[in-house]
Amino acid sequence: MLVLSSIYWFILTPPILQPEMIWQLIGERMSEGNMMYRDILDDSGPFSAIVYWILFVLFGKSILVQKIIASSFLLLQIAYLNYLFNQYKSFDETSYVPAFIGVILVHLSFDLLSLSPALMGSTFIVFALGQLFSQTVLQKEGSDSVLLTGIFSGIAVCFHFPLVFFLPYMVVIGIIISGFSFRQLLISLSGYLLPILICSVYYFWKDALSDFIYKYILTFRTADIYVHVRLRDISILYAVPILFSFLGLFLGAIIRPLTVNQQKQLQLMMFFFVFAASSFLLTNRSAPYQLIILLTPFTYFISMLFLSLKRGHLYNGLSIAFVVLVPFVGWGWLTVQTLNDELRTYGVFPNEQHQITENKKILVLSDDLAYFKNAKQATPYLNYHLTRDLLGSIDNLHEISQAYKNISLDLPEVVVDEDGVFEAFLEKVPILKQKFQKSGKYYLLKSK
C-alpha cells in the first residue's frame, strides 16, 4: 500500500484539494474557541470537525499528517473486513485475498487517500456491518450486537450525514435477513439515535441547536452541489471495480454452492451496495471520495470472484487485469486532468493574485480557496455556497443585525467578493459599508 500511495503523493503530486483546505480551516477556527455551525458555517459532520480540530492543535496545517491518519483508517477497514470474511466463513477458504483486493481498490482515485468525513464515517459503517454479519451466524437474541449496530451507524452519521441512508438499510436488513424481533429493532434504533442525541444536547446546551439542525442535518436540501468532479469522470474511475464486482456476483454465486449463512451474507452485501450508492444523492460535493463506502461491497464481490475460480489462465488473466487496471486508471485520470488543467474546480492553486491576502484575516466569497493559503479565516462564513444562500436571502432586520454582528465582531482585512454577494449585503448595512474600500473584486478594511 505504501508503494502505491507514494506514486500519488510523491510522483504525481496532486494539489491540496478544496475540501482539504476547508477541513484545515475548520480545525484552525475550532482551535481558536469557535463552535461548529454557530461560529463556523460549513456542513462537515461534528465528529469530523473534532478530528480536524485535534489534528490542527497537534500538528498544525500538515497535509502529510492527514494523509497518514487517512491511511490508518483505510488499513483498519481493510484489516477488519478481511477478519470479518474469515471469521464468519464468507468464503470456503481462509485467506488474505480480501485484504489484497482492498489495498488495490483504495488507489482507484487519489482523493480516497484524503482524511474525508466520508472515510471516517464509512469506517463505523464497516463496524456496524460486522455486527450484522454476526447475526447471520449466531442465530440468537444478540442484544449487544444489535445495540452496537445502531451505535456504530449513528456515529457514522455524525461524521458524514449522507450515511443516514444506512438507517433504512439497518431496518430492512435487520427485519428481512437478520430476523430482528421488535425488541431488537427498538434497541438498534435507540443505539442509532444515541450519538445524534448527544450532539443535539451539546449544541442545545451551547444555545446552537437550531444551527446544528439547519446547517448540518437539513443543509442538503438547500445547498448547491459543488461539482468538483463530473459524474462522467467518477463513473470512469469506478468502472473497473463495478465490472469485477458484477463478475464476482454472477460467476461466484454460480460456480460454488453457498451455505445458508453465506446466502444471507450475499443478500446483506447486495443491499449494502444499493444503499451505499444511494448515499451519493445526499452529498453536497461531487467527488470520487464520496463513494468510498462502495469499497466494502466491492471487496466482498471481487473476493468472491477470485476465491471461486480455479487457478488457471482465466484466474491469472483476471488477476493481472484487476491489479493493473484499477490503480492505472486512477493514475492516468489524475495525469490527464493535471495536463488539461481540469482540476481547477477541485484543487487549490495559489498564484500572484492571491498574495493580496497573505498574512491577513480574510473573508472569501468565492470558490477560489487559494486565498487561504497563507491567510486566516475571519467571520463564521467559511463555506461559500452556504454563505451565498444565507447572505443573499436576508430580508428582515433580525437576520441583517445578526449577520452584521458576525462580521463586525471579527472584521476581515480583505473580502474577496467575486459574485457581488458582499456588495449587495453592504447596501443593507451602510454602517458596515463605511469601514471598507472597494478595489475591483476586493473590499479592503480602511485603516483607523
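**Model.** I worked from a predicted model, where local features need pLDDT of at least 70, side-chain atom pairs count only at pLDDT 80 or more, and totals for chains, interfaces and linings use all residues. Residues are numbered from 1 along each chain as its sequence is written, and side-chain values use heavy atoms, leaving out hydrogens and water.

**Helix α3.** I looked up α3, residues 46–59. Helices here are DSSP runs of H or I, at least four residues, and strands are runs of E, at least two, numbered from the N terminus. α3 has 14 residues and spans 20 Å from first C-alpha to last, close to the expected 20 Å at 1.5 Å a residue. The expected span is 1.5 Å times one less than the number of residues. Just after α3, I found G60 with a positive phi of about 70°.

**Buried side.** I listed the buried residues of α3: P46, S48, A49, V51, Y52, L55 and F56. Buried means under 20% relative accessible area, exposed over 50%, and partly exposed in between (1.4 Å probe, protein chains only). F59 counts as partly exposed because its relative accessibility is 46%.

**Sheet.** I then traced an open sheet of 5 strands, in the order β4-β3-β5-β7-β6, with mixed pairing. β4 (376–377) and β6 (436–439) are the edge strands; each has a single partner, so one side of each lacks a neighbour in the sheet. Strands pair if DSSP finds at least two bridges between them. β3 (residues 361–365) pairs with β4 in the parallel sense over 2 bridges. I noted K376 in β4 as the bridge partner of K361.
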